[in-house]
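Subject: Structure handover

Hello,

Here is the structure you asked for, with my notes below it. Please read the notes with the model open.

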Amino acid sequence: MTSHANCLALHPLSRFICRQRPNISNALSKVEVHQGFKRNLPYLNPKDLLTTEKVEKSSQMADMEPSNYSTPNETWTVESLDLYKRLKSDLIEQGNGDWLEHKSTIYYGERRLFTKALVNEYPGKFFEYVFFFSKNEKKVKGVIQFGSYTQGPPGSKLIRLQDKLKDFLEKKESGELLIQKASNLLQNILKKVNLSVSHDGYLHYGDTVCIFNPASETALSANMSESKMHDEKRLVGPCDVSASKMTDPCIRNTFVIGPRAEGDGVLRFNEPFALSTLPGVGGELKLMSDRITFNECAKKSRQQLVTLKEDMTFMSCWKILCHDPQQRLETEGMPVPANTKVILNHVKTNQNLAALTEFSFRTPFGREFEVAAKTEVDSHKAEKPSNHWVFRTREVQDAAREHELEREQEFKDLLTRQQAAEAEVAAAPPADEAPGASQNSQPGGSNPPADVCVHGGASATMMDSAIGVCVNKSFPGCVTASLTMNYKSLLPLGATAFVESWVDKVEGRKVYALAELRSPDGKVLYSSSNALFIQLQPQGEDADKWKNAFGDKK
């Protein structure tokens with residue numbers, strides 16, 4: 001293969017003219033021959049770059065007083081002006097005298113500062129900024145306004161990211177995120193529920209009760225799967241049940257006795273009835289069971305499955321038996337007393353509800369026990385404690401006391417709302433005051449779209465400038481060795497940003513510095529940066545020139 005050096009050759013005619021008339025060498029050109037194409041390249045004589053005239057011109061420009069372009073102009077937004085005035089007031093006018101406003105300069109002729117090179121031709125289109133420097137603190141603070149010419153490429157990835165971010169924020173505000181749905185459902189089904197008050201000491205149709213197992217000290221509770229919690233706003237069937245250690249009355253462990261029967265409405269022994277969860281978040285699911293099949297059985301114990309479903313069928317019928325087998329014939333048809341041990345029997349399968357403490361599993365509410373329809377008897381043919389249940393209700397004395405506490409809390413809440421309303425009225429501004437100017441208005445034009453962002457290289461340029469001012473003002477003659485950018489948030493095009501830079505540590509000729517780019521209120525971090533600077537130390541004749549150039553002027 002032909003090397004790149006061999007592809008470049010002087011044209012024969014050019015070589016002849018150079019030998020005959022060397023003073024016109026600048027007008028000649030090289031010819032690049034590469035892959036069959038020819039292109040003229042300018043040929044420069046290195047000796048012409050160091051003429052006496054240019055050396056004198058460079059020395060004259062070095063002595064010129066540079067112009068200050070770090071002052072507000074008509075392209076500054078209201079937000080930029082407010083931030084500039086606030087920084088100037090806090091740091092210079094009310095400061096300790098250590099802070100100074102740094103001049104962003106542009107020299108006449110060929111010497112131009114990169115970030116201000118197009119300030120004359122395109123004002124406000126690239127960068128508008130002001131830095132304030134403190135030599136004692138070795139810190140820089142400033143305001144930066146990114147113009148319309150610093151826009152980043154609207155690539156498909158960025159657009160998709162912005163769309164996803166918008167969808168995320170909209171769902172977050174409306175509470176439609178999966179984690180929010182699950183959290184809201186968990187909070188809702190754990191809300192406190194007031195049980196019914198038994199004035200006569202018996203259970204009635206329509207009563208809200210908590211079914212408690214004294215042996216395991218657990219309560220019969222609904223246990224919906226975590227996958228359903230992410231999609232639903234209430235309990236839906238089919239829903240498992242478990243014996244939970246959470247015995248305080250809440251939506252997941254309280255049930256309603258129904259349907260309401262004719263007559264006095266008192267629930268009696270051996271009388272079929274249904275148990276359903278509360279309406280609303282509870283979903284009005286019916287407690288049901290059916291015979292064991294190969295596919296339908298409890299997961300751990302493989303016993304008769306007990307679940308909650310929406311439909312009301314014969315499999316949802318239960319009846320209450322006396323816990324003492326010798327008294328069941330005498331108690332048949334009698335009212336069921338509240339807060340006493342009873343047996344909950346399934347009508348179709350004639351199996352008793354049981355809390356199986358030997359089978360446990362993890363749930364979003366902790367470790368809980370499995371509940372199944374299984375009659376467990378001892379040697380005397382009496383049901384074991386796992387089949388004993390208590391239908392809890394509130395006593396009259398407890399209800400009266402809770403009512404008093406609720407009235408006291410309502411009175412306190414009313415006073416708090418009144419005080420808050422009075423404070424809001426006192427803090428409200430007068431109606432005749434005119435609203436202030438918009439903080440995001442762009443003088444002389446419309447605002448850029450909210451989904452257009454600043455190029456990452458533009459942010460890095462200004463971060464490098466801020467760190468460079470901070471380091472070189474503290475340690476003259478430093479150059480950037482490395483600059484690391486960490487982008488945290490999208491920076492909207494045309495936005496005003498607050499930049500802060502400071503020297504972190506110094507190790508010999510190595511200077512480590514940090515910087516942050518934030519919103520004017522400091523709440524949004526757009527990007528952060530850490531940089532390493534090296535302080536140059538020329539030797540010989542260049543050392544004096546370097547000292548004169550940097551040591552005295554900075």
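The protein chain has 11 helices and 24 strands; helices (H or I, at least four residues) and strands (E, at least two) are DSSP runs, numbered from the N terminus. This is a predicted model, in which local features need pLDDT of at least 70 and side-chain atom pairs count only at pLDDT 80 or more, while totals for chains, interfaces and linings use all residues. Residues are numbered from 1 along each chain as its sequence is written, and side-chain values use heavy atoms, with hydrogens and water left out.

Overall figures

Of the 554 residues of the protein chain, 36% count as buried. Buried means under 20% relative accessible area, exposed over 50%, and partly exposed in between (1.4 Å probe, protein chains only). The accessible surface of the protein chain is about 32,700 Å², with 52% of it belonging to carbon and sulfur atoms; areas come from the Shrake-Rupley method with a 1.4 Å probe, and for residues only the protein chains shown count as cover. Among contacts (heavy atoms within 4.5 Å) with a separation of 6 or more, 68% join residues 24 or more positions apart.

Cores

A nonpolar core is a set of buried Ala, Val, Leu, Ile, Met, Phe, Trp, Tyr and Cys residues joined through side-chain atoms within 4.5 Å. The largest has 43 residues, and Phe 273, Ile 320 and Phe 391 have the most contacts inside it. Neighbours within four places in sequence aside, the residues in contact with Phe 273 include Tyr 205, Ile 257, Leu 267, Trp 318, Ile 320, Leu 344 and Phe 391. A second, separate core of 34 residues includes Ala 458, Phe 475, Leu 491 and Val 511.

Salt bridges

The structure holds eight salt bridges, each a side-chain nitrogen of Lys or Arg within 4 Å of a carboxyl oxygen of Asp or Glu. One of them pairs Lys 139 with Glu 500 (3.7 Å, N to O). Lys 139 is in strand 8 (residues 139-146) and Glu 500 in strand 22 (residues 496-507), so this pair ties together parts 361 residues apart in sequence. Glu 500 counts as buried, at 19% relative accessibility. Another joins Glu 376 and Lys 374 (3.3 Å, N to O); Glu 376 is buried at 13%, whereas Lys 374 is partly exposed at 25%.

Individual sites

Ser 221 is in strand 10 (residues 218-223) and is buried, with a relative accessible area of 0%. Its side chain reaches the backbone oxygen of Ala 219 at 3.0 Å. Apart from neighbours within four places in sequence, Ser 221 is in contact with Asp 240, Val 241, Ser 242, Ser 244, Arg 252 and Asn 253.

Gln 351 is in the loop between strand 17 (341-346) and strand 18 (353-363), and at 25% relative accessibility counts as partly exposed. Gln 351 and Ser 289 are 62 residues apart in sequence and 9.4 Å apart in space, C-alpha to C-alpha.

Leu 165, Phe 168, Leu 169 and Leu 490 make a nonpolar surface patch of about 330 Å². Patches are made of residues with over 30% relative accessible area and no salt bridge, with like charges joined within 9 Å and nonpolar side chains (Val, Leu, Ile, Met, Phe, Trp, Tyr) within 5 Å. Phe 168 lies in helix 5 (residues 156-174) and is partly exposed, at 39% relative accessibility.

Regards

How values were computed. Polar contact = N/O pair within 3.5 Å; in protein donor to acceptor, adjacent residues only side chain to side chain.
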